[in-house]
Amino acid sequence: MHGIPVINSTSPGKTMKNREIKLPPVIEGLEGMDTESIRKGIGTNLVYSLAKDRYSATDRDIYESLALTTRDRLIERWIKTQQTYYDQDVKRVYYLSMEFLVGRTLGNSLINMDMMDQTAEAVKQVGYELEELREIEFDAGLGNGGLGRLAACFLDSMATLAYPAYGYGIRYEFGIFKQKICDGYQVEFPDNWLRYGNPWEIGRPEYLFPIKFYGNVEFVPDSENTAVKKWVNGHKIYAMAYDTPVPGYNNNTVNTMRLWAAKADREFDFIHFNEGDYNQAVENKANSETITKVLYPNDNTVQGKELRLKQEYLLVAASLQDIIRRYRKYHDDFKEFTSKVAIQLNDTHPALAIPELMRILVDDERLGWDEAWSITTGTFGYTNHTVLPEALEKWPVELVKRVLPRHLEIIYTINMKFMEVVKSKFKNDQKKLAAMSIVEEGEYKNIRMANLSIVGSHSVNGVAALHTEIIKKGNFKYFYELWPERFNNKTNGITQRRWLKLCNPALADLISSVIGEEWTTDLYNLKKLEQFINDKDFRSSFIKIKKENKKQFASYIKEHNGIDVDPDSLFDCQVKRIHEYKRQLLALLYVVTLYHRIKDDPKRDIVPRTIILAGKAAPGYHMAKLIIKLATAIGDVVNNDPDVQGRLSVVFVENYSVSIAERLIPAADLSEQISTAGFEASGTGNMKFALNGALTIGTLDGANVEIKEEVGDDNIFIFGLTAEEVQQTKYSGYNAREYYHKNGELRRTLDAISNGYFCQSMPDLFKPIIDSLLNHGDPYMLLADYESYIEKQEEVNRSYTDSEKWTTMAIYNVARMGKFSTDRTIKEYADDIWNIKPVAVSLE
């Protein structure tokens with residue numbers, strides 16, 4: 001044996017007894033990037049890591065051997081990266097997020113390590129195709145949509161830009177549920193993504209931090225016999241770290257995503273066991289570890305709310321202990337904390353970090369309140385992701401008091417001092433005091449986590465220009481009046497490494513063949529593609545690639561849905577979380593309208609369309625689940641009607657995930673981004689589709705506004721009311737029934753749905769949907785935008801018929817996506833909020 005692999009460092013490791021560790025260098029061969037080294041690595045890991053040989057190995061064993069082989073090549077860079085950060089005592093940023101929707105890791109790692117081609121050849125020599133092994137990997141579904149996917153893109157960009165960064169989240173045993181469509185309905189099943197383990201992660205039992213709940217607050221004498229407040233008694237569990245390497249693209253930086261899993265303080269109770277009470281013997285372990293069992297437990301119950309609160313506290317308490325542990329390696333006090341630590345709160349879910357850091361500084365470190373508060377506000381930045389008032393997180397005071405009693409006291413003190421500031425600024429304006437208070441008064445008091453996040457942070461950012469203006473003028477206008485300097489915009493982005501180079505390799509290769517590879521780290525280089533807008537060879541290849549991607553996804557639809565779709569039809573895609581404000585229902589109204597037009601005139605000359613819908617509805621969101629049922633019901637009628645065959649198809653792709661998105665997005669012609677203006681914070685699906693050559697039909701909402709500015713008015717299909725017009729229409733007395741009565745096509749469409757045409761066995765099934773539009777105010781104003789949407793779809797048809805025009809528009813969309821890289825977003829965060837610098841990692 002060669003000994004334990006280590007990385008030589010200027011700072012040798014020390015044991016707990018401060019003994020210097022002396023080990024030989026790394027094992028030779030583990031870092032080889034050539035085909036033969038990778039092939040040997042697969043064989044070595046199969047035998048020595050999995051204890052299998054060629055006779056007993058399964059397909060999954062080969063995948064895991066390849067994953068371990070790839071991970072081996074990250075390890076040296078990973079260790080060296082962390083040691084470099086320590087040696088230089090750099091300022092680090094810590095990104096706290098309840099979600100990291102990372103998807104599959106193998107392909108992204110191979111792309112970033114520049115190992116894709118040689119790995120494909122090595123795998124072929126072993127007897128497999130790389131794609132079939134990639135399909136074996138489970139998606140790490142540790143998120144529910146854009147929030148979690150953005151966090152994953154951010155980690156990729158932080159590493160690529162060589163920023164010293166860590167992602168902190170939760171290692172949910174079960175991720176976002178697995179969606180099955182049964183008889184047209186969404187049915188949720190557990191997403192047991194860890195069933196076979198996770199070869200990418202490394203458990204760190206040495207990083208096991210105590211987490212406390214319940215208990216009470218008492219005055220306790222300190223070392224100088226001064227009475228100080230302490231959180232005592234209570235129930236203790238532990239949070240254990242699991243680390244996943246996050247490689248940068250074509251550099252030596254490998255950062256860390258650290259996820260926390262709950263562990264019981266006692267695995268087993270011998271007293272109960274010996275008394276024959278076997279269930280009670282393990283009950284403590286089961287109850288404790290439930291905390292990180294499931295992503296987003298249903299919080300419609302008291303128990304669900306408490307579990308969610310515990311999840312959020314576990315994340316911040318474990319992360320802060322780890323952050324302070326790391327800081328303490330070189331610092332004896334907290335005078336330099338804000339110059340070495342930046343923490344970004346990804347929405348309000350980690351907002352408990354603010355009172356938790358105050359508790360540590362005041363109670364444990366014995367700092368004065370003002371000094372502790374200065375450190376706290378200098379450390380945190382807060383990203384807001386929603387303009388929906390009902391989506392702004394609140395916690396019942398009684399729940400916080402019971403679960404986190406000391407934190408409630410600290411929040412009350414923060415609020416008391418803050419209210420004095422507000423009174424001084426606004427001359428005791430009661431309206432502003434009530435709106436800005438962290439504590440929401442009423443019959444049932446609540447803690448407003450968004451208000452806490454704003455008060456406890458030095459920076460508050462929105463995620464698109466429109467969104468930021470809305471929060472400054474709407475939700476948080478009084479805070480903006482008080483602290484205008486805290487508010488800023490950081491428009492979201494996507495990582496082009498995954499969302500072009502990995503998911504659409506043919507298009508990526510075409511682009512690189514004409515403008516070079518620089519776009520992979522500077523997306524603004526895509527602008528050079530405009531030089532080839534009239535190049536016949538380039539255009540021909542561009543069209544051919546899109547058609548091949550469509551053929552491949554048509555095969556996927558046939559395999560998984562049993563539906564034949566025409567690859568030459570317009571692939572019209574709306575894929576995102578199912579929510580009323582995202583208006584999947586508006587797209588369905590168009591489908592029914594188009595269906596009626598074809599039925600009325602079967603010989604009508606129309607552009608063939610394949611409507612592709614996908615997304616998950618929250619398990620307790622009845623209306624969203626009913627919209628899924630409506631989509632599948634419409635599909636059943638349309639797809640089986642001979643009058644429309646070959647002209648209109650409707651497909652609902654079940655269990656939408658990152659991996660399915662990587663197949664679907666390169667195949668799309670039209671990207672539906674049709675949320676009610678003023679409701680979508682940003683959106684990132686719009687960017688992914690445009691980067692892959694799909695045209696956008698959308699409202700002036702979220703980042704659509706900036707996409708329009710970049711691609712130009714002639715290369716996007718914008719319709720509907722603006723955010724200002726939405727508000728004006730509501731305030732002037734919006735009456736949805738007026739639109740219903742004056743538009744015959746709309747009336748016929750709604751009547752067909754309401755009267756059971758699409759579900760004749762249960763004719764009243766969809767009445768609640770129509771009631772929400774006609775009798776409950778149409779809160780997301782579908783009927784107001786219907787006519788404009790239908791007209792814009794006709795413009796889409798005319799453009800698609802002119803294939804030369806469509807191709808030109810698609811190329812312009814790709815070429816003008818430079819702004820929408822997370823590399824640009826992260827650089828803005830680093831410069832404007834975190835004040836961190838890139839750190840080069842050398843392997844010498």
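The lining of the largest cavity draws at least two residues from each of helix 2 (59-88), strand 2 (100-103), helix 3 (106-112), strand 3 (140-142), helix 6 (146-160), strand 10 (235-247) and strand 11 (254-264). Helices (H or I, at least four residues) and strands (E, at least two) are DSSP runs, numbered from the N terminus. The model is predicted, with pLDDT of at least 70 needed for local features and 80 or more for side-chain atom pairs, while totals for chains, interfaces and linings use all residues. Residues are numbered from 1 along each chain as its sequence is written, and side-chain values use heavy atoms, with hydrogens and water left out.

Cavities come first. Rolling a probe the size of a water molecule over the atoms shows where empty space is left. Here, a cavity is a set of points, on a 1 Å grid over the protein atoms alone, where a 1.4 Å probe fits but cannot get out, and its lining residues have an atom within 4 Å of a point. Grid points are joined across faces, edges and corners, and the volume is the space filled by probe spheres set on the points. The search gives seven cavities of 30 Å³ or more. The largest cavity holds about 420 Å³ of space. It is lined by 33 residues, of which Val102, Gly103, Arg104, Thr105 and Thr244 are the closest to its centre. Sorted by class, this lining contains 16 nonpolar, nine polar and eight charged residues; Ala, Val, Leu, Ile, Met, Phe, Trp, Tyr, Cys and Pro count as nonpolar, Asp, Glu, Lys and Arg as charged, and the others, Gly among them, as polar.

Helix 23 (622-639) and helix 30 (767-774) each contribute at least two of the lining residues. Seven residues of this lining are nonpolar, one is polar and two are charged.

Tyrosine 734 sits in the loop between helix 27 (723-731) and helix 28 (736-742). The C-alpha atoms of tyrosine 734 and alanine 784 are 8.7 Å apart, although 50 residues separate the two along the chain. With neighbours within four places in sequence set aside, tyrosine 734 is in contact (heavy atoms within 4.5 Å) with Thr729, Tyr739, Gly777, Asp778, Met781, Leu783 and Ala784. Tyrosine 734 has a relative accessible area of 16% and is therefore buried, where buried means under 20%, exposed over 50% and partly exposed in between (1.4 Å probe, protein chains only).

Turning to charged pairs, 58 salt bridges are found in the whole structure, each a side-chain nitrogen of Lys or Arg within 4 Å of a carboxyl oxygen of Asp or Glu. In one of them, the closest N and O atoms of lysine 582 and glutamate 680 are 2.9 Å apart. This pair links distant parts of the chain, 98 residues apart: lysine 582 is in the loop between strand 19 (570-575) and helix 22 (584-600), and glutamate 680 in the loop between strand 22 (670-673) and helix 25 (685-691). Both lysine 582 and glutamate 680 are buried.

Lysine 599 and aspartate 641 form another salt bridge, with closest N and O atoms 2.9 Å apart. Lysine 599 belongs to helix 22, and aspartate 641, 42 residues away, to the loop between helix 23 and strand 21 (648-653). Lysine 599 is partly exposed at 29% relative accessible area, whereas aspartate 641 is buried at 10%. Elsewhere, salt bridges with shared partners join Arg204, Asp243, Arg258, Asp322, Arg325 and Arg326 into one network.

Lysine 819 lies in the loop between helix 32 (803-815) and helix 33 (822-834) and is buried, with a relative accessible area of 17%. Its side chain makes a 2.9 Å polar contact with that of glutamate 706.

Definitions and conventions. 1 Å grid on protein atoms, 1.4 Å probe; cavity = no way out; pocket = protein on both sides within 12 Å on 5 of 7 lines; lining within 4 Å. Polar contact = N/O pair within 3.5 Å; in protein donor to acceptor, adjacent residues only side chain to side chain.
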